[in-house]
Every structure is written in structure tokens, then in C-alpha cells.
Amino acid sequence: MAQSLRGARIRAAALTLPLVIFITVTFFVPLGSMLTRSFHSPQVADALPRTLALLEDWDGQSGPQEETFRTLGEEFRSLAKQRKLGGVATRINRLESGMRSTILKTARKLRRDQPESWREAMVAADEAWGEAGTWRALRRAGERFTLQHYLNALDLDRDDAGRIVTQPPERRIYLPLLWRTLVVSLAITVICLVLGYPVAYLIANSSPARSNLLLLLVLLPFWTSLLVRTTSWIVLLQNQGVVNDLLVAIGILGDDGRIAMVYNMTGTLIAMTQILLPFMILPLFAVMRTVSPQHLRAASSLGATFRQGFLRVYWPQTLPGVAAGSLLVFILSIGYYITPALVGGRTGQLISNMIAYHMQQSLNWGLAAALGVILLATVGLFYFVYDRLVGIEGMRFS
Amino acid sequence: MAVGRASFTLGERLERGLHLAFCMAVFAFLIAPMLIVVPLSFNAEPYFTFTEGMLSLDPDAYSLRWYRNVIGDGEWRHALVNSLVIGVSATFIATVLGVLAALGLSSPYMPSRQIVMGLLISPMVTPIIVSAAGMFFFYSELGLGQTHLSLILAHAALGTPFVVITVTATLSGFDTNLSRAASSLGAGPIVIFRRVQLPIIAPGVIAGALFAFATSFDEIVTVLFLGGLDQRTLPRQMWAGIREQISPEILAVATCLMVFAVLLLITVEWLRRRGVRHANR
């Protein structure tokens, strides 16, 4: 008996094994590769190995030895010859702004001549080389394993003594953006709940034929391409769009008073609410379908008004659906990218858009990875709560 | 509505009326934006709004020119082919692996069921930008950046959770006595799967496959990160259209995609009802 039980367990596990392996290779390993990039950055260390070895013994206060200047100068030279200096300079610049131009200017000056004193030649090229802070930044940029990307992603920095300090308010970018993402997601969740609850109630308490028809109306947008729905919001809401034209035509707005409803936060809010609303209605409906209307009737036969019966009898029984729908909508909105990118303009961007920016435009992949890990951790936290409260198996799509 | 007593006070009737009106407004909010696109795609002018001719139902104000443009445009055709190739391949991988895993997960003997399920579902809840960034690093390190293969594997990974969830849901209504009966009559596991389990879970499998296909067909972020010019899919082409040269061609494509969505939805609903009938029998 124990033998056959063990056989059944092994058979069940073996059936899941191909997918477990597939997901591990095509999904978890890529996530791991991102995680690694968020704290592993060997590029500068590989580019300037000799200088960094010399700087290891340096006290960090006085000016470095002439030998250090010479080594760095030579390493710059050979990097410039291999056309790799620009990339290295950009990386160092991320730690200490201004370093890129300092390095490129110095390398240009040092291109040909063999100076007597490298220190003098380099300080003459850019006086930044006379400051200990420049060398400390260089040493820090050469660390193979670094928390710098996380510091940047959390709007922190190191001061000259190496202590972690917060950025001045005007230079904080990512924490306010993360906060904005959470607030917007919460707002969308609340709006979806307010819009979705009465609709789910209507569907759950209609005759089967009407209930099926109404469900189709909820499922149709759910199945329609995200880009199609985003396009239709642009068509509706833009300055020369259908809504503004209508408002002008019936005289509510003057032709010069058209409302900017898209390419800003309003656009993001409206479009995301419509796109995520089915994710709220469907779980609500699934729970409401199981709540017997007899309960409300019993309450009213005992003299409760509809409102009392609703608040004390119906609403508590639908709380699992409220939790399921709200968490699902909230989790999905935190990671939303496409819709804000297309209709958000400058002010309607969320944290995902910042990750895309660093992936594709600034090419600061380490920072993008650190932001990605932070976003993933945030979503993971709520996913964990969802799993505990609702159970992932409760997810249904049809 | 079935709730309530036979007779209503004026206040209650007012509340019900308000509730209905509110729901109608929400349904309009859900559906109307999409319906607006359909007539506009027949606009004879290159505008995104109703012209006076359209409002007065002048036949000359309507035309098929944007549809003709799309059909005659090699880029859109190329995008459609890419979408189909990637979508079908990814769906095939996702369905085979997903059904196998669902069979294992539905077994009462499956060890660490909860944890394995959580792992297999996670591609669905992970923010797509995070998955796409990770995949970009991974496939470029392997030298597979800008290939169809990387997109097929990426879309298969994103599609499997839908197959797993849909098929396990169908299997939860499966009477295990049927397998046991078949087994006692001498059927091996493969025969049991083909002749007993598969016919019963088939609607769930097809629905799951359609979900996986729809996921791939609509996916854009991994295409932006992993795909090059040769891997442009329909969503990628629309994205370019919305961001770069906005033209009513996009509305024509959007209308076609909407018709496609309606067909998918009807198929899935039909399968679901068949499944329900099966379970009730």
C-alpha cells in the first residue's frame, strides 16, 4: 500500500516536472539574471584592473601616488584605443555626475604625449583629478558587487565619508514615483469596486438568460486586445476627439476650452479603470452567485429595511469576493505599463514606465534591474496576501 | 431581480431604478469606447472623429479605404503572419506542458501541491515589464535576442498559467472513479488519458489553449524588448502606429481584432456551457 502511494506521488510529480523545468528555464532564470544585474556590475572593475588594485591600498584622503596617476592614464589610453572608454565613462558618471566629461577630456589630452609628471598633466587637463572625492568615486565605481543601484532606486546616496544619506527632496525621483504608483493603483481599485459591485449584484440576481447576456458584456472587453481598448480611449478623449467634439457641439465647452483628458494622469486613470474593471466584476460575481437571496428575504421578513439587510446580511457574505477582486486589480495596476505609456503623457507615468525608460533609453540596466526587483517584491507581497486570503486556485477567467 | 418583496415602497422603487441606471452607465463605460471605433474605421477622411457627412449618414462619407490600405500593406501582412506563427507555436508548447502539469496537480497524491501551483502561476501575476526585462538579459546573453524562438518561448511561459488554471478547474469536477474503473479493466495510464480523461476535459483544454493564444496574440511588452524589425507582431505594429504616424488604419485593424475577440469569446462561452452540461449529466 505504501509502495503504491509512493508510486502515485512520483507519477503526479513527474507529470508536473516538464512544466516546472520549462518555467524555471524560461522564466525564473531570466528573473534571476535580472536580480544578479541589480547588484553585480563588473564592467568598470574589468576595464581598470590595475588602477583599482593600486587604489585598494590608498587611504582615501590624500592625493594618490604618481604611479596611480600613470596607471590610470595608461588604462584610459588603451581603452580609448579599443573604443571602450565612452561606455566606462558613462558608468562612472552615474555615480558622480561630471565624471564622463572629465574622463573623456583627460583621455583626449593624454592621447599622444608621454608626460613627465602624469599627476600634473591630468590635473591640468581637469582639476577634478586633484580632489580626493574623484578618486573615491572611481574606487566605488570599481566595486564588482554593489548596492549602488538600490541606493539610487530608493533615492539614497553616499556622502564623502561613505555614509548613506537621503537625496535632497528636489532630487528624489523613484520613491515619489513608487508612492504615486501605489496611490494610483489604490484609487483605481476603489473606483473599480464602486463601479463593479452594483453591476456584479445585478448580474448575480438576474434571470439566467439576462445574467448570461450581461456577463458577455463584461467578458467582451476582457477578451479584446489591450491596444485596441487603449486606442479607443485616445480616439474618445483626445483634444479633437469624440467627447470633446460632443461637448463643444452641445455648447458646454467653447472651442478653445477643450479639456485635456488624455496624455495625462486623467487618461491613465480612465483607461486603466475600464481595462481592469472586469477583473473586479468577475470574482465579485462568482461569490455573489453563491449567496442565497433567501437571506435578504429572511432579513426583510424580520423587519429589516433593504439597507439594513444589505449592510448586515449581504455585504459581509460578499467580502471574499471584494478581497479577491480588489487584490487582483491592485496587483495588476501596480505593474501596468502599456496603457500609461500610451495615454499617460508626461504626468501619467508609473514605476513600470521608469523601468522601461532605463532599459531602452538611458541604458542604465543596473538601475532598471534594481527598480524591477523592488517592483517585484512589492507585487510579491500582495500576491502572498492574495494567496493566503483567497487562494490562487480561486482565479477563474470564464 | 429576484430579491425583495412583492410590493415596493416608492423609496425602494426609486433605489432600484437608480441602481439600474447606474449599471447601464457602467456597461456603457465598458462597451461604448470600443463600439465607437467601429464606425470611425469606415471614415472616408483621415480623421479620428465623426465628420458632418458621417453624422448625416451620407454614404460618401464612409469608405473602405483604410481596410484596403491595411490589406495592401506588406508591413501589416508581415505582422499578422508573425503574430500567427508565434501565437500558434507558443500555444502548442503551453498547452502540452500545461495539460500534463494540470493532470499532476489534480492528483490527490501530488506532493507540495500549493507551492508548485504558486510557482507555475507566477508568470501571470509578475509585472510584465519585470518579466520582459529579465528575458531581455537572459536571451541576449544566450545570443537569442531578436529571434522568433525567444518570443515563442517567452509567450509560452506567459501562457501556461492560463492553461494550468483552466484545465485544473475542469479536472476538479472529474470523477476519479472513472479512471479507476478503466484501470481495473486493464487500461494503462496512456489509454486512460486518451479514452477517458481527455474527452471529458477537452472543453477545458481548448479553452485554456484559446486563453494562451489570446495572451500571445495581444502581448506587446516582450515583443518590444526581445523582437527586432523581423519580429514585428500585430500589437507591435499598432503600438508603432499609435506612437508614430497615427492613421485611421489602426482603427480598421482594431475593428478586425474586435471581431476576432468576439469570435474567441463566443467559442469559449460555448465550450464552458458544454463543460457545465457534462458535469451536470
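The structure is a predicted model, and its overall scores are ipTM 0.88 and pTM 0.88. Chain B contains 12 helices and 0 strands, while chain A is divided into three stretches, namely domain 1 (1-40), domain 2 (43-144) and domain 3 (174-394). Between the two chains, 79 residues of chain A are in contact with 81 residues of chain B.

**Confidence in chain B**

- The average pLDDT of chain B is 87, and 94% of the residues score at least 70.
- Among the elements of chain B, helix 2 (residues 52-55) has the lowest confidence, with a mean of 78, whereas helix 6 (residues 128-141) has the highest, at 95.
- Over residues 1-5 of chain B the pLDDT falls below 50, and this stretch makes 8 contacts in the model beyond near neighbours in sequence.
- Where pLDDT is low, the predicted coordinates should not be read in detail.

**Overall form of chain B**

- Read from the N terminus, the elements of chain B follow the order α-α-α-α-α-α-α-α-α-α-α-α.
- The radius of gyration of chain B is 24 Å, well over the 19 Å that the globule rule gives for 281 residues, and therefore chain B is more spread out than a compact globule.
- Taken along the principal axes, the box filled by the C-alpha atoms of chain B is roughly 75 × 70 × 30 Å.
- Of the 281 residues in chain B, 45% count as buried.

- The centres of domain 1 and domain 3 of chain A, taken over C-alpha atoms, are separated by 33 Å.
- In the contact between these two domains of chain A, 4 residues of domain 1 meet 6 residues of domain 3, and the domain 1 side consists of 2 nonpolar, 1 polar and 1 charged residues.
- Helix 4 (residues 66-81) of chain A has 16 residues and should span 22 Å at 1.5 Å a residue, which agrees with the 23 Å between its end C-alpha atoms.
- The buried residues of helix 4 of chain A are A:Thr68, A:Phe69, A:Thr71, A:Leu72, A:Gly73 and A:Phe76, and they pack against helix 3 (49-56), helix 5 (85-95), helix 6 (99-109) and helix 7 (118-125) of chain A.
- After helix 4 of chain A comes A:Arg83, which has a positive phi, near 60 degrees.

**Where the chains meet**

- On the side of chain A that touches chain B, where 79 residues of chain A are in contact with 81 residues of chain B, helix 1 (residues 2-39) of chain A gives the most, with 20 residues.
- By class, this side of chain A divides into 55 nonpolar, 17 polar and 7 charged residues.
- One residue to look at on the chain B side is B:Ala157, which is found in helix 7 (residues 148-172) of chain B and, leaving aside its neighbours within four places in sequence, is in contact with A:Ile23, A:Thr26, A:Phe27 and B:Pro123.
- B:Ala157 counts as buried because it has 26 C-beta neighbours inside 10 Å, and 20 or more are needed for that label.
- Although B:Ala157 and B:Ile121 are 36 residues apart along the chain, their C-alpha atoms are separated by 9.9 Å.

- B:Tyr67 belongs to helix 3 (residues 65-72) of chain B, and it counts as partly exposed because it has 18 C-beta neighbours inside 10 Å.
- The C-alpha atoms of B:Tyr67 and B:Thr255 are separated by 9.8 Å, even though these residues are 188 residues apart along the chain.
- Most residues other than glycine have a negative phi.
- B:Ser112, which is not a glycine, has a positive phi of about 45 degrees; B:Ser112 lies in the loop between helix 4 (74-106) and helix 5 (113-125) of chain B, and with 11 C-beta neighbours inside 10 Å it counts as exposed.
- B:Gln146 is likewise not a glycine and has a positive phi of about 55 degrees; B:Gln146 sits in the loop between helix 6 and helix 7 of chain B, and it is partly exposed, with 14 other C-beta atoms within 10 Å.

Methods:
Residues numbered from 1 in each chain as written. Chains lettered and ligands numbered in written order. Predicted model: local features only at pLDDT ≥ 70, side-chain atom pairs only at ≥ 80, totals over all residues. Helix = DSSP H or I, 4+ residues; strand = E, 2+ residues; numbered from the N terminus. Rg over C-alpha atoms; globule rule 2.2 N^0.38 Å. Buried ≥ 20, exposed ≤ 12 C-beta atoms within 10 Å, placed from the backbone. Domains from an automatic or database assignment. Contact = placed C-beta atoms within 7 Å. Nonpolar A, V, L, I, M, F, W, Y, C, P; charged D, E, K, R; others polar. Expected span 1.5 Å × (residues − 1). pLDDT = per-residue confidence, 0-100.
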